[in-house]
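Colleague: I am new to this one. Please show me the chain, then take my questions.

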Amino acid sequence: MASRFICVVVYLSDDDADRSYRQIQRGLITVSNPVRPNLVPTPRNGSSAASNDAPPRHIGIIMDGNGRWAVRHGLLRRQGHRRGFSRLPAVIDTAADLGVSWLSFYCWSTENWNRPVAEQCCVLGLIRQFVHTQLPYWQDRGLRFAWSGRRDRVGHQVHDQLVSAERVTANNSGMTVCLCVDYGGHVELAHAVCELARHAAAGRLNPARIDEKHIRTFLYQPDMPDVDLLIRTSGEQRVSNFLTWQSAYAEMSFPSTLWPDFSPSHLHQAIREYVDRDRRYGGLSAAVIPQGTTKDVVVGTRTSGSRDDETSVTA
Ligand code: FPP
């Protein structure tokens, strides 16, 4: 007679739940009916109609605190950066499992060239190595890779690695992992303005008709959606030139955790807080809309860079 075993799994923490769920997905553990951990809470009763009950479509992360983490552990800054990079795969996996569409990481800013040459070489080398080692896994999971930033200053090895990862993953339909490398929001906008001026001067674009959609067309990644949730670790509360255009309506999260200590449970926490936010986009919360008023008229609509928003410069 066949025996039946019932296995009860008790998760000790969010991290345990994530790890087990990922192992199930990769076939390392076999169960007949895996249940995804309940990561995003159901919105509270009475929350406004404008509050968000879905995970963020685009999460941007400013990975701050590697240097401070290294000092606290009596290590060198480059060891902090190395440990920082080791945190990315679990965060990427978790976001993809949750159904996030874009996940952008601030890896090197246009201002970071002010750091010592040794640190420039260290971080750019780690970026190249990271993309090289992760690429097979991203392919396996159907994740897309994107690079946002200037492409003329990072050195040919980094350039070629990032461009090749973009090409190889271009047709994948899963979450987009975007590394912002030699990225600055001001430079991105200056670049877009320059392109618009060039098209206008060539007679391909009527300057009087330039609008937000035209500007978006010339951003580094035109199909990048607006950032819904922007996380900066280490307790600093500023955006430091990160995704300036795209973060116009981002919800902010500033956990005190240093980036090398950041784990999927911190991401879950930030998303839980995000889900409870009341996003109004300049409109009114449902709680204050007068009875009998049509919500569509009162609540503002979101202007976002969806893939359907693309506009031809000849328009
Ligand atoms: C902004 O702070 C933060 C960044 C541009 C991220 C920089 C990250 C690194 C250099 C290390 C990369 C590490 C990993 C794990 C990818 P800022 O210090 O440049 O700007 P601020 O002076 O306004 O604080």
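Modeller: Questions and answers on the chain follow.

This is a predicted model: local features need pLDDT of at least 70, side-chain atom pairs count only at pLDDT 80 or more, and totals for chains, interfaces and linings use all residues. Residues are numbered from 1 along each chain as its sequence is written.

Colleague: How many helices and strands does the chain have?

Modeller: Helices (H or I, at least four residues) and strands (E, at least two) are DSSP runs, numbered from the N terminus. The count for the chain is 10 helices and six strands.

Colleague: Is Leu229 buried or exposed?

Modeller: Leu229 lies in strand β5 (residues 229-232). A residue is buried if 20 or more other C-beta atoms lie within 10 Å of its own, exposed if 12 or fewer, and partly exposed in between, with C-beta atoms placed from the backbone. Leu229 has 25 such atoms within 10 Å, so Leu229 is buried.

Colleague: How far apart in space are Leu229 and Leu103?

Modeller: In sequence, Leu229 and Leu103 are 126 residues apart. From C-alpha to C-alpha, their separation in space is 9.8 Å.

Colleague: Which element gives the largest share of the shell around the ligand?

Modeller: Of the 18 residues around the ligand, Gly84, Tyr106, Cys107, Ser109 and Ser240 come nearest. The elements giving two or more residues are α3 (77-86) and β2 (102-109). The largest share, four residues, comes from β2.

Definitions and conventions:
A residue is near a molecule or strand if its C-beta atom, placed from the backbone, lies within 6 Å of it.
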